[in-house]
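Hi,

Here is the structure I promised to pass on. Have a look at it first, and my notes on the ring contacts and a few other things follow below.

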Amino acid sequence: MSWRPQYRSSKFRNVYGKVASREHCFDGIPITKNVHDNHFCAVNARFLAIVTESAGGGSFLVIPLEQTGRIEPNYPKVCGHQGNVLDIKWNPFIENIIASCSEDTSVRIWEIPEGGLKRNMTEAVLELYGHSRRVGLVEWHPTTNNILFSAGYDYKVLIWNLDIGEPVKMIDCHTDVILCMSFNTDGSLLATSCKDKKLRVVEPRSGRVLQEASCKNHRVNRVVFLGSTKRLLTTGVSRWNTRQIALWDQEDLSMPLIEEEIDGLSGLLFPFYDADTHMLYLAGKGDGNIRYYEIGSEKPYLSYLMEFRSPAPQKGLGVMPKHGLDVSACEVFRFYKLVTLKGLIEPISMIVPRRSETYQEDIYPMTPGTEPALTPDEWLSGVNRDPILMSLKEGYKRTSKIVFKAPVREKKSVVVNGIDLLENVPPRTENELLRMFFRQQDEIRRLKDELSQKDIRIRQLQLELKNLRNSPKNN
């Protein structure tokens, strides 16, 4: 019997990336130079938000999607934080509500007016204080309205009920900084990667760790749930410092199902999973390319499709929700790429080439929509429900009618699980102590410089006075 090459048929094997023309990009944006490993970008069907470089606090821009082209230097900003903004996320059910977290230990909720900002916004509709150190991550619950998760450098994950504006649960199973959070489809499980080299699957309402993997050979940086397949995918670094990805069974994290090395570059790998097409996108921080794969239910599980290449390195990537895509162009995914060197935000559309211009039902199945499946009280009481699905064929531009109402509260203490979070401050880490030491050294150096300048000025005045006294006119 003659040997035949194995041929694998896939409707996505010819997917290609199409970069928007220059007039459809966002130009002249002072993208933040912060080295924190986040995307610094969030996008929905109406707005694009980008964290910007600023002095004396933290700020981010919010631009309507139709307002492409060059952005003016004095364009209005959201600038209420006292420290650098580290993460921003749009509410999946209310398109003008965005959450931000910062080095000032706060999480803030902002309501963007219709048509975008006309002046600088400094007042948030809700300020949330519960972390004792800077807050690095925020995530909205995928099926429940007004439930927000925040992860801080105090090693805690707080669950906020925005209906009352208070933290209602605390997950404190981590022993180091939390690097990434990801939910499964119905939001009943939370996967986290941590700087303590452990991958965890947590039941968020009880804080109980269901599965834990100690990743010695594969140091995990990012984790993502692969939809409803009961699998996780992580990106990280091998013991030889090569970038790699690993696939895990969520019910058994003792060993990865597969591990695959990608390359020897040093930039962090960001994973993006599209549950509708079962496609995985891998984008490296500082790279210009985006690799994409198809995830299968049987071995080898991961099938390489193609690679989008670009010479411009990316600092981060925002992802458009499904209901904001252009289905008439067979667009299945859209990135918003941050090019720091050019101050440019570049849309990249992933397109399935089709000759027919009619709606392609095989690449656009029913997808999670803009209506929440649960209220905060239902979810907190233990109810789980899959997201409410919508078709992209009929009325996919439909906007949600839910309105955010900020609660009124005047409590100064934040008590969760019987612990006042603002009183029980954990000991500082070595990095924080070093940062404080260098900051104090800089302050001492500055004060010494000021004193020496004053001494020089005093000597100059004394010399002038002496010259005046010895002048012939005074004699």
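Let me start with a charge over a ring: Arg133 lies over the face of Tyr155, at 5.9 Å from the ring centre. To count, NZ of Lys or CZ of Arg has to be within 6 Å of the ring centre and within 35 degrees of the ring normal. Arg239 does this too, with its charged end over the ring of Trp240, 5.8 Å from the centre.

Before the rest, some ground rules. This is a predicted model, in which local features need pLDDT of at least 70 and side-chain atom pairs count only at pLDDT 80 or more, while totals for chains, interfaces and linings use all residues. Residues are numbered from 1 along each chain as its sequence is written, and side-chain values use heavy atoms, with hydrogens and water left out.

Now the aromatic pairs. Rings of Phe, Tyr and Trp (its six-membered ring) pair if their centres lie within 6.5 Å; planes under 30 degrees apart are stacked, over 60 edge-to-face, and the rest tilted. That rule gives eleven aromatic pairs. One of them is Phe149 with Phe183, edge-to-face at 4.8 Å centre to centre and 80 degrees between the planes. Phe149 sits in strand β13 (residues 147-152) and Phe183 in strand β16 (residues 178-183), so this pair ties together parts 34 residues apart in sequence. (Strands are DSSP runs of E, at least two residues, and helices are runs of H or I, at least four, numbered from the N terminus.) Phe149 is buried at 0% relative accessible area, and Phe183 is buried at 13%; buried means under 20%, exposed over 50%, and partly exposed in between, with a 1.4 Å probe and protein chains only.

Tyr359 and Tyr364 make a stacked pair, 5.7 Å centre to centre with 20 degrees between the planes. Tyr364 is buried, at 3%. Ring pairs also link Phe272, Tyr281, Tyr292, Phe333 and Phe335 into a cluster.

Back in strand β16, there is Ser182, buried at 9% relative accessibility. A polar atom of the Ser182 side chain lies 3.0 Å from the backbone nitrogen of Phe225. Leaving aside neighbours within four places in sequence, Ser182 is in contact (heavy atoms within 4.5 Å) with residues including Leu189, Val223 and Phe225.

For the overall picture, the protein chain has two helices and 34 strands, and 53% of its 475 residues count as buried.

Cheers

Terms used
A polar contact is a pair of N or O atoms within 3.5 Å; within protein, one must be able to donate a hydrogen and the other to accept it, and residues adjacent in sequence count only if both atoms are side-chain atoms.
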